[in-house]
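Please open the model in your viewer and keep the selection tool at hand. The stops below go one at a time.

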Amino acid sequence: AVSGDATERALRIVADRVRPTGLLTARARYLLAAVLTAIVLTAWYPFDVTLDVSTLSDRTRAVRLDPWLPTRTTELWTQAGRFFVVAAILTTSLPGLARRAAPISAIAAITIAMVVDLGQLAMGSHPVGSAVFVSQAAGAAAGALAAAVVMAITRRMGYRRTDLPRASDR
């Protein structure tokens, strides 16, 4: 009960901080959740949540021996594409941040990439190296920038979010 109260309080604080950004009411919030879920599932499969400290050394050996771990080019492009999409959706889902949406989205997507990669190392599913992380970070930065540019162009053209037809209007 005590940890439940602390968790509930922490979630309330997070929600209070996130609410002014517009993320909780954005139309793409479910799409963002689905994309993030797909990324985590593909990265951490097969799941091995039995984290024994004695196995951590074996799981991280490949990365420790060669932090860049040679990776196929298609894998690097795939990783960049995944986080391009995450950052682009996140940027468009933060209307309350205005011009700060793109840099904050890029930083958030890069942080998500880091957490997913560290989880991948802990799970032992597929070791990823620095080259994959750099690819993910580049994809996140490009996605946030692309979304910010598209939003700026549409804003200059006089387009507003409210001009989109809603599903209930059809």
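**Stop 1: helix α1**

Select E8, which is partly exposed, with a relative accessible area of 44%; partly exposed lies between buried (under 20% relative accessible area) and exposed (over 50%), using a 1.4 Å probe and protein chains only. This is a predicted model, in which local features need pLDDT of at least 70 and side-chain atom pairs count only at pLDDT 80 or more, while totals for chains, interfaces and linings use all residues. Residues are numbered from 1 along each chain as its sequence is written, and side-chain values use heavy atoms, with hydrogens and water left out.

R12 forms a salt bridge with E8, and the closest N and O atoms are 3.0 Å apart; a salt bridge is a side-chain nitrogen of Lys or Arg within 4 Å of a carboxyl oxygen of Asp or Glu. Both residues lie in helix α1 (residues 2-18), 4 residues apart, or about one turn of the helix. Helices are DSSP runs (H or I, at least four residues), numbered from the N terminus. R12 is partly exposed too, at 46% relative accessible area.

Next, select D16 and R19. They form a salt bridge, with 3.0 Å between the closest N and O atoms, and D16 is partly exposed at 45%. The structure holds 2 salt bridges.

**Stop 2: the core**

Select I39, F83 and V86. Of the 22 residues in the largest nonpolar core, these touch the most other members. A nonpolar core is a set of buried Ala, Val, Leu, Ile, Met, Phe, Trp, Tyr and Cys residues joined through side-chain atoms within 4.5 Å. Helices α2 (29-44), α4 (73-92), α5 (101-123) and α6 (130-156) each supply at least two residues of this core, and α5 gives the largest share, 7 residues.

Which residues surround F83? Leaving aside neighbours within four places in sequence, F83 is in contact (heavy atoms within 4.5 Å) with I39, A109, I112, A113, Q136, G139 and A140.

**Stop 3: the loop between α4 and α5**

Select A98, which lies in this loop. Its phi is near 50°, a positive value in a residue other than glycine. Most residues other than glycine have a negative phi. A98 is exposed, at 53% relative accessible area.

**Stop 4: a surface patch**

Finally, select L145, V149, I153 and M157, which form a nonpolar patch on the surface with about 420 Å² of accessible area together. Patch members have over 30% relative accessible area and no salt bridge, with nonpolar side chains (Val, Leu, Ile, Met, Phe, Trp, Tyr) joined within 5 Å; areas come from the Shrake-Rupley method with a 1.4 Å probe. I153 is found in helix α6 and is partly exposed at 46%.

Conventions:
Patches are made of residues with over 30% relative accessible area and no salt bridge: like charges are joined within 9 Å, nonpolar side chains (Val, Leu, Ile, Met, Phe, Trp, Tyr) within 5 Å.
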